[in-house]
Amino acid sequence: MTGRATPPAPPRGPGRTDVAIVGAGILGVLTAREVLARAPGTSVTLLDRDLVGSGATRRSAGLHFPRGASATTRELAAESERFYADLHAARPELPIHPLGMSVLAPLASEPALREAYLPEAGLRPIDALPPQVPALPAGYGLWEGDGCQYADVHALTQTLAAELRPAAAFREGVAVTALDPGPDGVRLTLTGGAELTAGHVVLAPGPWLAEPAWADLVAPLGARVKKIVALHVEVPPTPEDRAIVFHDEDAFLLPFHHRGHWLFSYTCQEWDVDPAAVDPAVSAAHLDEALALLGGYAPELAAACVSGRVFCDAYGPENTALVEPLADGRVVFAGAASGSGYRLAPALAARAADLIPTLPRQRKATT
């Protein structure tokens, strides 16, 4: 991903910032962290229409496993894998929880598994079934792998944001109503009529792709918004329980230790939804769809599904996340992570920072 060189940021002053980041979810906060790690003197302002981590971040399952459906996603996942491993090793008190992983798939899918999962996963066939799965369908196999973890993404984002506050400005409950790139920077009009001029802007809006301030800029990227549904399985997990991935169905069971229950995420096919209009309640149709899948593998857990969470996320073309320069490079869009915002956020943040020409580069440009 490459962008045009742009003029230096304008001089600082009242109502000016070197970098404005629109969206203070996990991706926006990690982008601010990346910018300040590369250039500690940079002025950074994070803006969010709600509180830090209140959108898709608050509802994220937070599961990370080392795989990707495309070469680009596998590269992003590998970078993020290293980031989270280093972060957990350095700061084990953070809410990042290593986890075992079992993968269920037809035996005929093994070549696809080997391509999708990173070498770091060390994927290997096993015979012992997870206790939640009494039997495999005919022709199915079971593999285990390494490198799986999950996080309380909202708590992690809050912690990292708190650590950034001495070096970055946060404006919560402040929406961007207009975004006007120009030769001297990008003018952001905020709720209440206030203005902020930034040398560069990183758009990390999550599923809010259609906001009037940037809808026309973002539309050519081809990202769409899809509903995401996960059921809460009211069965307490044990410390030995592993994440169970249903590869062909793009679904998983996650032992949510910090909340005391399991979570079952499946692929809901409701597209082009409005995040402001998504009903957070789990509908009868959602339950029927999810239980039809889960009941075939783990009937006891399926019987304990009585609640859940509903929201949405942005998806890039062919489910590939996007980090793209817009407006002659003054604006960078980062996101459309296709339900993997936490999993890919560190790598997306690094790529977004690479497209800000006033910052030191950390990686070679990808064409």
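Author: Start with charges over rings: one counts if NZ of Lys or CZ of Arg is within 6 Å of the ring centre and within 35 degrees of the ring normal. Here, arginine 59 lies over the face of phenylalanine 311, at 4.2 Å from the ring centre. Arginine 165 likewise has its charged end over the ring of phenylalanine 170, 4.4 Å from the centre.

This is a predicted model, so local features need pLDDT of at least 70 and side-chain atom pairs count only at pLDDT 80 or more, while totals for chains, interfaces and linings use all residues. Residues are numbered from 1 along each chain as its sequence is written, and side-chain values use heavy atoms, leaving out hydrogens and water.

Reader: How many aromatic pairs are there?

Author: Rings of Phe, Tyr and Trp (its six-membered ring) pair if their centres lie within 6.5 Å; planes under 30 degrees apart are stacked, over 60 edge-to-face, the rest tilted. That rule gives 9 aromatic pairs. One of them, phenylalanine 65 with phenylalanine 252, is edge-to-face, at 6.5 Å centre to centre and 80 degrees between the planes. Since phenylalanine 65 is in a loop and phenylalanine 252 in strand 13, the pair ties together parts 187 residues apart in sequence. (Strands are DSSP runs of E, at least two residues, numbered from the N terminus.)

Reader: Which residues form one aromatic cluster?

Author: Tyr140, Phe246, Phe264 and Tyr297.

Key:
Helix = DSSP H or I, 4+ residues; strand = E, 2+ residues; numbered from the N terminus.
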